[in-house]
Amino acid sequence: MRPAYDAIVIGSGFGGAVSACRMAQAGFSVGVLERGRSYETERFPRNWKDPADGWLWTAGQGLFDVRPFEKMTVVQCAGLGGGSLIYANVHLRAPHEVFARGWPRGYSREALDPYYDLAAYMLDINSIRQSRHLGLPAKTRVMADVAASLGRSAQFCYPNIAVDFGAPDAPHLNKFGVTQRGCTFCGECDIGCNVHAKNTLDLNYLALARKCGAEIGTQCEVVRIAPINDGGCHYQVEYKDHANGGAPLQCKARYVFVCAGAVNSTELLLRCRDVHRSLPNLSGRLGYGYSGNGDFLAFAFNTERPFKPSEGPTITTAIVYSRKEDDFDNWFIFQEGGYPKEIGALLQLLNPSRGLFREAEVLSRDEFYNALRRQTAGKYGYPDPASDSTAIFLAMGRDLADGQIELHALSHDLKITWNTSSNMPLYGAQQRFSADVAEAMGGNVALNPLWRLLHVPVTVHNLGGCLMADSKDGGVTDPYGEVFDYPNLFVLDGSILPKATGVNPSHTIAAVAERNIEAAIRRFKSDPTWRAPESSHAAPIVDPLRAISIPAEGTLPPRTPAVGIAFTETMKGHLSKGWNPPEDYAGAEKAGQAAGRRMEFTLTITMPDLDAFLVSPQHAGKAVGTVLVDGFTPPQGAPVTDGVFNLFVDGDQFYQRRMLYALPFTGSDGKPYLLDGFKDVRDHGHFDVWGATSTLYTVIREGHSHQGQVLATGIVRILIPDFLHQLTTFTAVGAKTALQRAAALTRFGESFFGSLWDVFVRPHFE
Ligand SMILES: Cc1cc2nc3c(=O)[nH]c(=O)nc-3n(C[C@H](O)[C@H](O)[C@H](O)COP(=O)(O)OP(=O)(O)OC[C@H]3O[C@@H](n4cnc5c(N)ncnc54)[C@H](O)[C@@H]3O)c2cc1C
Ligand code: SF4
């Protein structure tokens, strides 16, 4: 690489390839710094016996960069062409409503359409229906039938994919003069297409950039950017040359384009702001707005019709789901997947009927990873006959983009905070939809084990972190990707997208990059008419999502109900009216006992969606039943229809939890009252688990609010005979099979006893 360029582009994925190509076409000298290797035909890793041999990004080499953060597992690519090397080729436009919220001025679907057309032309996209030589893969036909059997044909489509459907394996030149071959249906798109039938970025945008003089340095990992003022150059970029043992090198440029992908661009800028302090004025919003694009992974085993996941390009079909649920605008797209036959034996580990993962049900996170390592050893590289009846699904949707990428304050390690709980309506619907599809195939659904056991999603569609915004208070760059307070420094990749696209995002990343680089070049060249030379060839194309029809009331809900837990609880005790001080529960109870003033209730507590219940910090359930409070209700009691129960809400200390009961009722005088109680679950030193979980400190308040005046105080308790009865009332609501019922009750029990462990046992080891 030379010491100076007009423009340096960091990263060669969708944002980087577009930026490098257009800057070079516009006559600027361009240097591309890409951390990964370049992959010629037949050079993608295939040594199944050794994961370190080119597969995993470690020590400056490897195709897959897998980062298991505590709340999210991130999968990205390292290589010349970025994510295009291992992606599933899908190019879909974000529907117009995506741009209605959170995007800065100037963005709309209509405004972006010409740039989508341009990217579509460059990447030569078309649908599986253009596969004339090999016809339709088995899984494509199965999915069309599944959509019909679920009553979802109107939401079914064949998305566009960037695949060459010329004669299989036959070499020919693409429109940029690069040799490609026709798709052989080998099913290896996600591990790199060794015949170059995928229209990856190195074969179009980057090839064109090179033709126009761009220099590309691979295995060059950028670690620092700093402003300079040196002969027209505004920035110095420092990088490690992994081809030479990580030797530190630097080069400088007038313009710098950060295109390292959502997680890595954000990390690079966070380090420049907070560790190196070379870009100290970056926005305080850096790292915010992270989204996993609502990714959800699931499987179906033992399908009746052969699905043949290793035949054909990875993704060929899609079904859209769109309906308002509990104030959540649920929108996601469900796609079938595929995988190389060599991982067939490995995937069978997830097959519930083989049960090899059963031991994982009771494992901690670390134990789980150890079990995974143990069980997967020796399973790579082997097909399995059961693979033909195994399906893999990827759903993605409009999550809330409420995650954050940050550096740990002391270690400076990268962290991703993700709010699974707030996004649970989306994940819940995707989970149930996956079960519907598996059932329609006559198979058994299985979930990504990290999700099933720990509720950690896996995403391949990282977005956000360096959001575009109208002002520095809202984001990191302006609506054209130029970093606030750092002129000529741009971010042009998935990190600037302000919201989840819901659909596979590469097409939108490329279209936004085309739009923004055009504006930048017009400014740099003082030429308001500059356009990408290919613009004139880029005809509008048919968007498969336009043909989809969504009924006014939304698409059908999933047939598979959510699985929840319900149980009935009776508590009995005494209270005193007007007791002072009101927080003297024991005194009020004693006086109440002496006066024979009873307080008791029988409630059915329901958590209708166990998954949502477990991940929510409020752990809320609905309580319905009868309360009897002497002096307030008639002797037969008053109904509670809208009570709220919260199990194990965190207290001020990690070893303290509270269980909360809020039971609104109407008194015999027709006035509203609230039975407001808490169980104080903490270790008072004598390991009284029973006392802590069976004693409810209670007040009766005026009105239905927690702010209402306290009118009476007392304690209600679970008595042993009532508890023994309670144990017989636990049921798994919505479970279809005995296995589902048992699994739900086990998970609820594990969570319950896990919290008790945290309160009563863990503090003694800390
Ligand atoms: C298995 C898989 C399947 C997918 N399927 C699809 C799909 O079908 N459709 C779709 O739209 N999307 C898909 N995606 C997602 C898609 O790949 C990404 O959304 C897209 O590639 C992001 O583009 P980008 O420009 O933001 O960054 P990337 O494409 O991730 O490119 C960033 C590049 O920067 C390089 N880099 C990172 N850090 C540095 C550094 N410090 N110095 C130098 N270089 C650096 C990386 O090596 C990488 O090449 C898939 C992803 C995966 C992993
Ligand atoms: S199926 Fe995928 S990997 Fe195989 S030839 Fe076709 S595009 Fe390439």
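**Note on helix packing, cavities and backbone**

1. α1 passes α10 in a right-handed crossing; a crossing is right-handed if the near helix is turned clockwise from the far one by less than a right angle, and left-handed if anticlockwise. Helices are DSSP runs (H or I, at least four residues), strands likewise (E, at least two), numbered from the N terminus.

2. This is a predicted model, in which local features need pLDDT of at least 70, side-chain atom pairs count only at pLDDT 80 or more, and totals for chains, interfaces and linings use all residues. Residues are numbered from 1 along each chain as its sequence is written, and side-chain values use heavy atoms, without hydrogens and water.

3. The axes of α1 (residues 14–25) and α10 (residues 506–524) come within 8 Å and cross at roughly 30°. α1 is therefore roughly parallel to α10 (under 35 degrees; 65 to 115 is roughly perpendicular, over 145 roughly antiparallel, the rest oblique). Axes are lines fitted to C-alpha atoms, for helices over the stretch in contact, with angles from 0 to 180 degrees between N-to-C directions.

4. Which residues meet? From α1, they are Phe14, Gly15, Val18, Ser19, Arg22 and Met23; from α10, Ser506, Ile509, Ala510, Ala513, Glu514, Ile517, Ile521 and Phe524. Contact means heavy atoms within 4.5 Å. The α1–α10 contact residues divide into nine nonpolar, three polar and two charged. Ala, Val, Leu, Ile, Met, Phe, Trp, Tyr, Cys and Pro count as nonpolar; Asp, Glu, Lys and Arg as charged; the others, Gly among them, as polar.

5. α2 (residues 109–123) also packs on α10: their axes come within 8 Å and cross at roughly 110°. That angle makes α2 roughly perpendicular to α10. The crossing of α2 past α10 is right-handed. Among the residues in contact are Leu112, Tyr115 and Tyr116 of α2, and His507, Ala510, Glu514 and Arg515 of α10. Ten nonpolar, two polar and three charged residues make up the α2–α10 contact.

6. There are three cavities of 30 Å³ or more. A cavity is a set of points on a 1 Å grid over the protein atoms alone where a 1.4 Å probe fits but cannot get out; lining residues have an atom within 4 Å of a point. The largest cavity holds about 90 Å³. Of its 14 lining residues, Cys183, Cys186, Cys189, Cys193 and Ala197 are the closest to its centre. The lining has eight nonpolar, four polar and two charged residues.

7. Two backbone points remain. Asn580 and Pro581 are joined by a cis peptide bond, with omega about 0°. Pro581 lies in the loop between β24 (564–577) and α11 (585–595). Phe185, a residue other than glycine, has a positive phi near 65°. Phe185 sits in the loop between β9 (179–181) and α4 (205–211).

Notes
Chains lettered and ligands numbered in written order. 1 Å grid on protein atoms, 1.4 Å probe; cavity = no way out; pocket = protein on both sides within 12 Å on 5 of 7 lines; lining within 4 Å. Points joined across faces, edges and corners; volume = space filled by probe spheres on them.
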